[in-house]
Amino acid sequence: MKLSGLCLLIPNALLLLACKPSEPELAKTPLWELQEAQGLELPNHTLGRDASAKQREAGKTLFFSGRDLENAQSVYFNCIDCHRVSREDPLLSDPDPEQRLAAALPKQARGSLLPGSSMHGVVNREHFYNGVYQKKYGGLVQRASKDLVEAVQVCAEFCSQGRRYDEAELEAMMAYLWSLQLTLGDLLSPEELASLSKLDAPLESKVLRPESLNARYLKASPASEYVPPETPLVGNPQRGKAVFEQSCVSCHQADRNSPMYELDIQRLHQGFENGKILDVVRKGIDPDPGRKDDYMPYYTPERLSEQQYADMQAYIAKEANK
Ligand code: HEC
Ligand code: HEC
């Protein structure tokens, strides 16, 4: 991936000195191009970074419909069931499920509250399966903790309950993930982009010091352990409707040709009241050991807040009593 327009002809390091890119061009500048120009080392997952558009497209197909392939990657899930691919957090340095939902609703985005993090910017991260995942899965995710390529394979095999990718598929998937990398437009405000585009000084100069860019996004997606609140929160059914639709219904739909089914509101209500749903949501349902199986992934507090849980409970209670 290279910077666009005239600047293409000039080698990277010189480019930022010699060009005065327009605002939209600046916004599209891949973060790693700039970081390389600043002399930073590329991450150790460069596989697929310079792959062809065709490979990226193949990776996208694997991500969205690996289940439908002749040689299905998983018979249970597509990657998109658990991970979005668009940007989900208004503030990349402070991921927050409340803000995430608020940002998704006006855009009528679907599935904004999924158990896995967005793949947007995943190639800009350095640590994977953090916090509670390291604690819970230990050895299984150890090798993947600093290796994105292995993180992909772990999810292909275990999260999706499928098979590992072969070499060509893995490169295609990485090529697709590289196409979702952070750009300067993700990290800088429109005002900052405007003033930078007018600046005669090189891009990698003061304004864009690596430290100042680093502070604007996280290199690891946080995942903490669920701790029940001391006093139960009061839910808001109206907000709960959106929570339910954006999380559970994204998987639990009647017409889906998959292990996921429509949830029965009365049973769900009972489950909320007797605490069973709390277990399902916060601990998940493990696949049967020793064989591939469908299962329900759990939500860390970073993926579904306690307030959102209470809101959902209030909504289901209201629906059940209609
Ligand atoms: C059933 C749910 C589920 C499915 C299906 C799934 N994942 Fe995941 N994945 C997770 C969860 C949960 C995590 C850990 C939390 C997170 O995303 O940071 C994770 C983590 C990851 C990570 C590391 C992200 C990080 O920052 O730690 C990558 C990369 C990844 N998955 C790729 C994939 C790919 C590629 C597929 C398709 C083969 C896939 N996943 C399918 C649930 C899933
Ligand atoms: C990534 C997809 C996915 C998401 C998102 C999801 N579920 Fe599930 N859920 C499943 C699958 C798959 C099963 C079936 C597990 C099995 O059969 O072992 C399941 C099972 C369940 C069950 C049945 C448990 C039982 O013992 O029969 C309940 C209840 C449930 N989910 C509630 C929820 C709620 C509430 C949400 C939203 C907070 C949610 N699910 C979000 C995939 C999902």
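Which residues are the closest to ligand 1? They are Cys79, Cys82, Gly116, Cys155 and Cys159, out of 25 residues that surround this ligand. Please keep in mind that you are looking at a predicted model.

**Overall build**

- The protein has 322 residues and a radius of gyration of 21 Å, which agrees with the value near 20 Å that a compact globule with this number of residues would have.
- Along the principal axes, the C-alpha trace spans about 65 × 45 × 35 Å.
- Buried residues make up 33% of the 322 in the protein.

**Around ligand 1**

- Helix 8, residues 148-159, gives the largest share of this shell, with six residues.
- Sorted by class, the shell around ligand 1 holds 17 nonpolar, six polar and two charged residues.

**Around ligand 2**

- This ligand has 21 residues around it, and the nearest are Ser247, Cys248, Cys251, Asp294 and Met296.
- Helix 14 (248-251) and helix 16 (276-283) supply at least two residues each to the shell of ligand 2.
- By class, the shell around ligand 2 divides into 15 nonpolar, four polar and two charged residues.

**Nonpolar cores**

- The largest nonpolar core has 26 residues, and the members that touch the most others are Ala151, Met173 and Leu177.
- At least two residues of this core come from each of helix 4 (53-65), helix 8 and helix 9 (167-178).
- Another core, of 20 residues, lies apart from that one and includes Phe244, Val281, Leu304 and Ala314.
- If you set aside neighbours within four places in sequence, Leu177 is in contact with Met119, Val122 and Val123.

- As background, most residues other than glycine have a negative phi.
- Tyr129 is not a glycine, yet its phi is positive, at about 45°.
- You will find Tyr129 in the loop between helix 5 (97-104) and helix 6 (132-137).
- Is Tyr129 buried or exposed? Tyr129 counts as buried because it has 22 C-beta neighbours inside 10 Å, and the cut-off for a buried residue is 20 or more.
- Gln161 is another residue other than glycine with a positive phi, in this case near 55°.
- The loop between helix 8 and helix 9 holds Gln161.
- Gln161 counts as partly exposed, because it has 18 C-beta neighbours inside 10 Å.

**A loop residue to look up**

- Val227 sits in the loop between helix 12 (210-214) and helix 13 (237-246).
- Why does Val227 count as exposed? Val227 has 9 C-beta neighbours inside 10 Å, and a residue is exposed at 12 or fewer.
- From Val227 to Asn78 there are 149 residues in sequence and 30 Å in space, taken from C-alpha to C-alpha.

Notes: Residues are numbered from 1 along each chain as its sequence is written. Chains are lettered from A and ligands numbered from 1 in the order in which they are written. This is a predicted model: local features need pLDDT of at least 70, side-chain atom pairs count only at pLDDT 80 or more; totals for chains, interfaces and linings use all residues. A residue is near a molecule or strand if its C-beta atom, placed from the backbone, lies within 6 Å of it. Helices (H or I, at least four residues) and strands (E, at least two) are DSSP runs, numbered from the N terminus. Ala, Val, Leu, Ile, Met, Phe, Trp, Tyr, Cys and Pro count as nonpolar, Asp, Glu, Lys and Arg as charged, and the others, Gly among them, as polar. The radius of gyration is taken over C-alpha atoms; the globule rule is 2.2 Å times the number of residues to the power 0.38. A nonpolar core is a set of buried Ala, Val, Leu, Ile, Met, Phe, Trp, Tyr and Cys residues joined through C-beta atoms within 7 Å. Two residues are in contact if their C-beta atoms, placed from the backbone, lie within 7 Å.
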